[in-house]
Amino acid sequence: MVASAETAEPETQRQSGLTRVIKAIGLLRESPVGMIGAGIVLAWVVAAILAPMLAPFDPNATIMPFQRPGAVDPASGATFWLGTDKIGRDILSRIIYGGRRVLIYGPIATIAAYAVGIIMGLAAGYFRGWWDAVLSRVSDIVLSFPIFVLYVIVISTFGASGLNIVLAIIFASAPGIMRIVRGLTLDLRNRDYVAASQTRGESSLYIMFVEILPNARGPLIVDACLRLGYVTITIGTLGFLGLGLPPPDPDWGGMVNENRALAPAFPHMIVYPCLAISSLVLGLNLLADGLREIAIRD
Amino acid sequence: MKTDPRTPVLEIENLCISYFTRAGEIPAVIDFNLTIYEGESVGLVGESGCGKSTVAMAIMRYLGSNGGIVGGSIRFKGRDIVSMSDEELRQMRGSEVAMIYQEPMAALNPSLTIGAQLMEVPIVHEGVSEQEAYDRSRQMLGDVKLPDADRVMAAYPHQISGGQQQRVVIAMALLSKPSLLLLDEPTTALDVTVEAGIIDLIAEIAKKSGTAQVFISHNLGLVRETCDRICVMYSGEAVETGTISDVFTQMRHPYTRGLFGAIPLPSANKNDRPLVAIRGQLPLPHQRPQGCNFGPRCDYFQEGVCAPAPVPMRDVPSEVDPHQSRCNRFETIDWDAPLSAGKVNEPIEPGEPVLVVDGMRKYYELHDRSIKAMLSGDGVRYVKANETLSFSARKAEIVAIVGESGCGKSTFAKVLMGLETASEGTITFNGDEIESTEVQDRPREQVASLQMVFQNPNDTLNPSMTIGGQISRVIRKFGVEADPDKVHDRVMRLLDMVKLPRDFYHRRPRQLSGGQKQRVGVARAFAGNPAMVIADEPVSALDVSVQAAVTELLMDIQREHGTTLLFISHDLSVVRYLSDRIVVMYLGQIMEQGTTDEIFAPPYHPYTEALLSAVPIADTTVDKRKIVLEGNLPSVVNPPIGCPFHTRCPRKIGAICADKRPPVHTVSSTHAIACHIPLDELKRVEPVFFDVIPSTPPTDGAPTRTTRAQ
């Protein structure tokens with residue numbers, strides 16, 4: 001039923017969908033805050049994609065330990081712009097490669113959490129009744145757990161792997177997303193266009209995914225941006241707690257953890273990875289602010 | 001009656017207001033002049049976006065951060081408001097100028113009692129003692145005709161009804177003894193019979209306390225009932241000002257005339273005197289034409305005279321009072337020529353019954369989960385949304401269901417559409433019983449032949465789909481066409497049918513005006529060739545000039561296709577104009593049903609009588625008896641036993657009304673009234689409407705008789 005609705009979408013709608021994305025980017029240009037945010041995020045994305053070209057060293061190669069920022073590698077003549085860590089790996093290269101990890105797992109986890117949260121929220125908000133009662137209680141229970149205890153339990157039980165990190169984030173974030181979607185659905189389901197589709201006998205799936213969900217996208221996009229920031233922090237924290245992806249591949253949180261004992265003597269070893277995390281989170285938050293500004297104006 | 005020279009309370013001269021947006025300066029009000037004298041009420045009339053609320057906001061200097069007065073002056077009792085300091089403004093607002101808004105609940109603080117909010121006014125503005133403030137507030141509640149002032153003083157806003165809230169807001173405004181009262185659509189959010197009471201009160205205030213009033217409304221009938229003078233606004237400009245009688249009987253601006261042609265006056269008739277819509281639509285502020293703003297929509301437009309030079313306000317010769325019009329051609333226009341749509345419709349003969357409702361009941365269960373209720377065993381109560389409804393609608397007929405909020409008309413529509421099922425009784429549609437079949441279980445043809453037009457134009461279309469996408473979805477869903485080319489073709493023909501340009505196919509709802517959206521809603525309802533269409537207040541949210549166009553369109557299509565139209569409304573003037581038969585409902589029950597003529601003439605059910613009397617009429621040749629209902633609309637959760645109307649009925653005859661369900665009198669084969677009053681007595685009731693002798697200026701209220709039974 002749903003499939004037929006989506007496949008039969010006229011071609012014109014597709015095109016105007018694309019033009020609207022372009023228009024939305026154009027609108028973002030009117031929000032200075034949003035532009036700064038987008039710039040920071042984009043810079044990290046570019047850095048992650050072009051890592052092999054940008055990074056001066058192999059991120060896992062042990063070259064010279066305890067180098068301060070600006071020190072020069074006598075072998076290759078290249079500079080350790082941000083110094084090296086305790087086993088002699090170039091911090092700048094590790095940060096650039098580390099971005100890849102956050103920028104792959106962050107969005108995957110966020111999108112997956114959204115998929116779960118949206119389905120739960122739509123069902124709870126549209127069907128109400130016991131669907132709502134059961135789903136809301138389940139999410140209340142999950143939300144009432146201290147979130148990091150949850151992560152520690154999940155990951156220490158199932159082991160530290162990319163998949164488990166994503167699963168843990170879905171488990172922890174989906175209830176919050178569900179609440180937002182449920183609230184939006186409760187409002188949107190009372191619109192006349194929903195009544196109109198009900199009176200022509202549309203299926204519940206069609207109504208939820210075609211009539212309701214697209215109209216909830218504004219607040220959801222803003223929230224997704226903010227949530228991506230939180231997920232970034234979470235991935236960093238998990239890395240710091242040693243629950244992140246297994247070494248030796250660079251991980252921002254892991255870098256802080258590995259070098260934290262040496263922080264008083266060599267602050268650069270942990271300051272730069274920390275800055276990397278905060279700048280990405282800040283960029284995402286600013287971007288969310290900009291998007292919200294546009295959403296309000298629309 | 002008028003003392004000359006009178007002291008002006010408010011003088012507005014050449015006022016220009018602009019909003020400053022990203023897109024640049026947008027003039028909202030241009031060259032606006034208005035003088036209000038003591039004790040006078042002036043109606044500010046116009047469609048949405050004409051600048052009427054902006055004028056009111058400018059008087060309070062509440063224009064917001066992006067609005068500004070760019071020219072002219074506003075003088076309040078000789079003091080210039082434009083140059084006032086914040087402190088002076090604060091003194092003036094609330095104590096000398098008070099404003100009453102559309103939504104009473106938004107004007108009251110939900111966490112303070114009514115008493116505390118009222119007492120604050122004299123305490124802050126005059127520094128009186130608490131005791132005195134209490135006494136004054138209580139007194140004022142009596143003055144605005146709120147019964148049981150002590151209870152209201154102690155109540156929180158949510159504990160009293162919407163009508164009572166608006167009375168409290170008016171009381172609050174009057175407590176500071178303002179010289180000027182600004183009323184911005186004060187009754188739009190209220191039910192008709194409640195509105196009648198508020199309008200009565202507002203009209204009285206000006207007479208009694210000498211407070212000058214600016215009454216902002218889109219409803220000409222209300223302005224006629226409350227104001228002495230009227231100022232008609234169009235696209236940021238005043239286009240005509242004058243006394244009510246001058247403007248209502250001798251209008252001298254084509255826009256004013258267009259407005260009167262577009263509203264269903266008692267003289268309008270769907271067959272030989274159909275409504276005449278003003279063509280086109282209100283220009284956006286940054287797309288105003290050169291010269292006369294109304295030019296592109298005016299039948300009398302003449303290049304060179306009306307454009308390109310701006311048209312000034314000009315005096316119209318009048319015997320006594322000033323009358324002005326912003327029209328360069330008013331001398332040459334033949335104002336007595338009948339405004340005609342250029343068409344006369346043949347009356348249609350209704351055919352076989354399409355819909356037969358017999359003893360239909362819809363009860364909702366309400367579970368009381370308190371321990372007390374569980375112990376006593378009355379855990380379940382019933383909300384009787386529809387109680388034994390019986391009526392029928394025939395092919396090509398327009399049947400109106402009339403009633404105020406909570407009367408059960410929306411519940412009935414839901415049952416009919418299959419979104420709810422009936423608790424008892426039968427609904428036969430085209431020979432099939434549909435009362436207990438939900439929409440998913442109905443055959444496709446049946447769903448297609450029973451469609452609905454919704455009320456709110458901004459809600460009726462899905463904002464994230466194109467117009468074409470939404471209509472073609474309906475066509476495919478109902479299996480009218482399956483081939484993409486044919487579907488596209490059919491959408492185009494439907495767009496033609498509702499008189500929208502074909503390139504709207506690719507537009508999205510937000511690029512359309514309210515009237516255009518409503519047209520798409522009509523196209524969507526008619527996409528599956530329905531036998532019956534339910535229209536739930538389809539025009540009530542639209543502007544006057546657009547209302548006429550959508551109403552006429554709906555009727556043309558209905559006539560052409562022989563569709564039965566079930567028209568749900570609270571507006572009796574529209575209902576009178578278009579329907580063949582009327583069903584009057586109150587708290588889920590049918591009080592009276594009959595043909596339109598039968599409903600509008602005695603014998604009436606007392607509720608119908610009150611409803612008719614509450615209709616504001618913008619025709620100065622017709623007057624009406626005033627019946628103001630006491631009390632509130634009872635809650636549907638706890639409806640009165642016996643006759644549901646007995647708690648407010650001005651003709652209640654005694655205990656029987658409160659104890660027993662009223663019998664149904666059969667007046668004729670088509671007319672039935674459910675009332676305890678004997679039919680003979682009901683027949684002796686005078687008509688609500690009567691003609692006034694045209695020479696009497698009706699604004700002085702001379703021929704208005706007021707009946708307040710018992």
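Start by selecting Ile401(B) and Val583(B): Ile401(B) stands opposite Val583(B), which belongs to strand β21(B). Strands here are DSSP runs of E, at least two residues, and helices are runs of H or I, at least four, both numbered from the N terminus.

This is a predicted model, in which local features need pLDDT of at least 70 and side-chain atom pairs count only at pLDDT 80 or more, while totals for chains, interfaces and linings use all residues. Residues are numbered from 1 along each chain as its sequence is written, and chains are lettered from A and ligands numbered from 1 in the order in which they are written.

**Stop 1: β21 and its partners**

Select residues 398-402 of chain B, strand β15. β15(B) and β21(B) run parallel, joined by 4 bridges. Strands count as paired if DSSP finds at least two bridges between them.

Move to the hairpin of β21(B) and β22(B), with 2 residues between the strands. Leu587(B) takes a positive phi there, near 45°.

**Stop 2: how covered is β21?**

Select residues 581-586 of chain B. Of the 6 residues of β21(B), 6 are buried. Buried means that 20 or more other C-beta atoms lie within 10 Å of the residue's own; exposed means 12 or fewer, partly exposed lies in between, and C-beta atoms are placed from the backbone.

Color the two faces separately. One side holds Arg581(B), Val583(B) and Met585(B), all buried. The other holds Ile582(B), Val584(B) and Tyr586(B), also all buried.

**Stop 3: the whole of chain B**

Zoom out. Chain B has 23 helices and 26 strands. Its C-alpha atoms fill a box of roughly 70 × 65 × 50 Å along the principal axes. The radius of gyration is 27 Å, which agrees with the value near 27 Å for a compact globule of 710 residues. That radius is taken over C-alpha atoms, and the globule rule is 2.2 Å times the number of residues to the power 0.38.

Of the 710 residues, 49% count as buried. Among contacts between residues at least 6 apart in sequence, 68% join residues at least 24 apart. A contact needs C-beta atoms, placed from the backbone, within 7 Å.

**Stop 4: the contact with chain A**

Show both chains. The contact takes 25 residues from chain B and 17 residues from chain A. On the chain B side, β18 (450-453) and α15 (467-477) are the elements giving two or more residues. α15(B) gives the largest share, 5 residues.

Notes. Contact = placed C-beta atoms within 7 Å.
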